Amino acid sequence: MAGDEETANTLEATPTWAVATVVFLLIVISIIIEYLLHLLHKYFHRLKRKSLIQALDKIKSELMLLGFISLLLTVGQKPIANICIPKSVGESFLPCKSSTFGHAVEETKCSDQGKVSLMSREGAYELQYLIFVLAMFHVSSCVLTFALGMAKMKRWESWEAETRTLEYQFSYDPRRFQLTYQTSFGKRHLKCWSDNRLLRWPASFVRQFFNSVSKSDYFTLRHGFIMAHFAEGSHFNFQKYIRRNLEKDFGVVMGISWWIWLFSVFVIFFNAHGFYNYLWVPFIPLVMLLLVGTKLQGIITKMCLDSHDKSHVVRGTLLVKPSNHFFWFNWPQLLLHLLHFILFQNSFQLAFFTWTWYKFGLRSCFHHETEDIVIRLGMGVIVQILCGYVTLPLYALVTQMGTSMRKAVFTENVVKGLKKWRAKARKNLALRNHPHSARLSLDASLETSLSVGTSPSFSGHDASFSTVDFDRPSDDAEYVALEIREAQKAQGETNT
């Protein structure tokens, strides 16, 4: 009877109409998903959100990678099951206290040798479900985190609009003088504990939960950024610049680096009984997230202290100076990689819990203790909300205060206009009598004008570049082209 049931499960004993129906449904579902992704791509392209298009492409590549891993498991089921190991080794590091749970049918090759398979075919089949669940949780976790962050930063639009009002210009008039601790930013950060590092860290830890980014923080950091990279009084839209940078960072977070995969293998290994990993593994993302939030709050306080030490009198607005030395290892991007690691590990643990619940039941040996279930679910939800609604807005604002600007300072239309001008200018210069020297001169000038990451200010550039309005909508390309033609005429006069 067992043999008949096994035969009935093969395609030889399955009606062809049933096989055709299943294949047809799978094809239809795949086409619908592909079409929805194509519509999303066209929507981002219509909005000219190149960073989101790149993030969507990263999602596709990661889904393809996870699908390839699942395919390798399907193809390698039999070869993996034919790898035989001694029974004593096969009964070590089990996730269950007793080895009587769900024995799988061993391969004839291994059973004849008195050994067990490295992983049974059923185990490889169950592992494919984990890959599928992980893909869903990773994508949904990243999207939810950035959606919460964008919702929290929605009010920054009104703050940015307020900087163009007469009330704001009167309140922060450069002709007005006041002491540092009289400013709203100074009142918030110049406390009795600010100068003491041992007291500043606990205070920064607590502050991230209560109004982590205030209006005075946004105005002061915005003013410091503009004064460091633009002329005073520039109408640069800082909020849109942050949003463009965050969209680029979203593409980075959607990927999965090799070192993150290694830690996931580490988590699976320590899921064995006896390690009590539910008492420490779920807390790793939470501790790292709280550490990052504390560091970001501490950076704001240190910038305020740095400005206060240089001058106790403020002209208009308290001026903070962006610098990489406020960040760990002088590397602001390190915080992005830490957030990347935190998000993936949190989604991995939630995916692992969901997978074991679906395949083995809620009260399986994977989660035999009630504390296990409560801790894993609680930590997963807390990290998800805390990262999206608290830490991400802090990260988006504070990491702009590095020594250099990022490439997102240029809008897509400006970048396109500059590239067109560069190509046309190089073509015209190639027709002159000394093409090699002219090309070298042009490349040098372009490197000077476009190297945003190495120049702390635009004030030293040609006047035509410093007057570019980065916030113009669809007419950016025409405006930049006009400025570039003026610069090209000046270049031609200089060469002649």
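How close do the axes of helix α7 and α16 come, and at what angle do they cross?

**View 1. Helix α7 against helix α16 in a predicted model.** The axes of helix α7 (residues 121-152) and α16 come within 8 Å and cross at roughly 135°, where axes are lines fitted to C-alpha atoms, for helices over the stretch in contact, and angles run from 0 to 180 degrees between N-to-C directions. That angle makes α7 oblique to α16, since angles under 35 degrees count as roughly parallel, over 145 as roughly antiparallel, 65 to 115 as roughly perpendicular and the rest as oblique. Among the α7 residues that meet α16 are Tyr125, Leu130, Phe137 and Thr145, and their partners in α16 include Phe344, Ala351, Trp355 and Phe360; contact means heavy atoms within 4.5 Å. By class, this contact of α7 with α16 has 16 nonpolar, 5 polar and 2 charged residues.

The model is predicted, with local features needing pLDDT of at least 70 and side-chain atom pairs counting only at pLDDT 80 or more, while totals for chains, interfaces and linings use all residues. Residues are numbered from 1 along each chain as its sequence is written, and side-chain values use heavy atoms, with hydrogens and water left out.

**View 2. Helix α14 against helix α16.** Helix α14 (residues 258-269) packs with helix α16 (residues 333-360) at an angle of about 35°, and their axes lie 11 Å apart. The contact is made by residues including Trp259, Phe263 and Ile268 of α14 and His337, Phe341 and Phe348 of α16. The residues of this contact of α14 with α16 divide into 9 nonpolar, 4 polar and no charged.

View 3. His308 has its place in helix α15 (residues 283-310), and at 17% relative accessibility His308 counts as buried (buried means under 20% relative accessible area, exposed over 50%, partly exposed in between, with a 1.4 Å probe and protein chains only). The side chains of His308 and His312 are joined by a polar contact of 3.2 Å, a term for a pair of N or O atoms within 3.5 Å, of which, within protein, one must be able to donate a hydrogen and the other to accept it, and for which residues adjacent in sequence count only if both atoms are side-chain atoms. Leaving aside residues up to four places away in sequence, His308 touches Thr180 and Leu190.

Terms used
Helices (H or I, at least four residues) and strands (E, at least two) are DSSP runs, numbered from the N terminus. Ala, Val, Leu, Ile, Met, Phe, Trp, Tyr, Cys and Pro count as nonpolar, Asp, Glu, Lys and Arg as charged, and the others, Gly among them, as polar.
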